Amino acid sequence: MDLGLSGKTALITGGTSGIGLAIAQRLGAEGCRIAICGRQRTKLDAAIATLNATEAKGFIADVCKPADIAALIDDVVNAFGGIDIVVSNAGTHIAGRIDDVATDDLVRHFHTKVIGPWELARRVAPHMRRQGGGRFIVIIGQTGKVPQANAIASTITNAAQHAFVKSLSDELAADKILVNAVCPSRIKSPLTDGLKLYNEVYLGRSLEQQESKWGADVPLGRWGTPDDIANAVAFLASSRAGFIVGANIDVDGGHQRSIF
Ligand SMILES: NC(=O)c1ccc[n+]([C@@H]2O[C@H](COP(=O)([O-])OP(=O)(O)OC[C@H]3O[C@@H](n4cnc5c(N)ncnc54)[C@H](OP(=O)(O)O)[C@@H]3O)[C@@H](O)[C@H]2O)c1
């Protein structure tokens, strides 16, 4: 199926690893010109080297810093002449209950996952309006729909992201900027590999025991891959998804139990 993405410019935040890297690879393979951002030049260069794109550039930016986002959008527009697709993906997961999570860590997480995407949308919308439209896709996570005590910080930020995506999608639809979300769960990536210590300390299980339990919780019986998310994003970014707006699509092998 031709997704109609050839020649589009896509910016993926957090494109140096895991899901963001797979999205950059997929959109590059579909013919997009790729911009990725991250906080480390060596990781950016290594990620760019894996892309099969006609054009790809890596930009240093910390999405917690509004000035970095303003400079990022200006730099991408200057380098590529515009931006058609933004994938707001940068972030992490904060494990732990209320007594485990320092308030400063919650605030930083909120800046990464909520204020960062907010600033990104504010900065890119004027460019997309001038171009006659665009796509803004946010990678969220399922704790926002199914709150978890042992992931209270991510539950709060993910719920805020859902509210943000839905209200932003209403506002920008009139400008043909289609805003949607993808909700991963149980995706094998450096992030989920990094939950090892948490599993051992809090759950008394090794990563391997936890992986096998979590895999068994998924109706499809396995962990997902970053490519599973990238395929959904490529569809949402494409001309084939022209009547989808304000949606949040679970890509999780059926793991999420909520019907909404
Ligand atoms: N894996 C899952 O099952 C799962 C489930 C739910 C939600 N998610 C969400 O999916 C997204 C990607 O997760 P992943 O599993 O691919 O994680 P990952 O492999 O750890 O990748 C995270 C990416 O985000 C970037 N990043 C983090 N903080 C940043 C900041 N302040 N500014 C700029 N870049 C930043 C990192 O780049 P640098 O370190 O190079 O800066 C890296 O490229 C995250 O938002 C995560 O919350 C994942």
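The protein chain falls into two parts, domain 1 (9–187 + 226–241) and domain 2 (188–223), with bounds that come from an automatic or database domain assignment. Where they touch, domain 1 contributes 10 residues and domain 2 contributes 11 residues; two residues are in contact if their C-beta atoms, placed from the backbone, lie within 7 Å. The side of domain 1 that faces this contact has four nonpolar, five polar and one charged residues. In this classification Ala, Val, Leu, Ile, Met, Phe, Trp, Tyr, Cys and Pro are nonpolar, Asp, Glu, Lys and Arg are charged, and the others, Gly among them, are polar. Between the C-alpha centres of domain 1 and domain 2 the distance is 24 Å.

A word on how to read these values: this is a predicted model, in which local features need pLDDT of at least 70, side-chain atom pairs count only at pLDDT 80 or more, and totals for chains, interfaces and linings use all residues. Numbering starts from 1 along each chain as its sequence is written.

Turning to the whole fold, the protein chain contains nine helices and seven strands. Helices (H or I, at least four residues) and strands (E, at least two) are DSSP runs, numbered from the N terminus. The radius of gyration of the protein chain is 18 Å, close to the 18 Å given by the globule rule for 260 residues, so the chain is as compact as a globular protein of that length; the radius is taken over C-alpha atoms, and the rule is 2.2 Å times the number of residues to the power 0.38. Of the 260 residues, 44% count as buried. A residue is buried if 20 or more other C-beta atoms lie within 10 Å of its own, exposed if 12 or fewer, and partly exposed in between, with C-beta atoms placed from the backbone. Among contacts between residues at least 6 apart in sequence, 72% join residues at least 24 apart.

The ligand is surrounded by 32 residues, of which the closest are G14, G18, G38, G91 and G141; a residue is near a molecule if its C-beta atom, placed from the backbone, lies within 6 Å of it. At least two residues of this shell come from each of α1 (18–29), β2 (33–38) and α6 (190–193). Both domain 1 and domain 2 supply at least three residues to the shell. By class, the shell has 11 nonpolar, 17 polar and four charged residues.

The largest nonpolar core has 62 residues, and I23, V182, I229 and V233 have the most contacts inside it. Such a core is a set of buried Ala, Val, Leu, Ile, Met, Phe, Trp, Tyr and Cys residues joined through C-beta atoms within 7 Å. Helix α9 (residues 226–237) gives this core its largest share, seven residues. Beyond neighbours within four places in sequence, V182 is in contact with residues including I137, I139, I229 and V233.

Some loop residues also deserve a look. Q142, in the loop between β5 (134–139) and α5 (152–173), is buried, with 24 other C-beta atoms within 10 Å. Most residues other than glycine have a negative phi. K176, however, has a positive phi of about 60° and is partly exposed, with 15 other C-beta atoms within 10 Å. R186 likewise has a positive phi, near 60°, but R186 is buried, with 22 other C-beta atoms within 10 Å.
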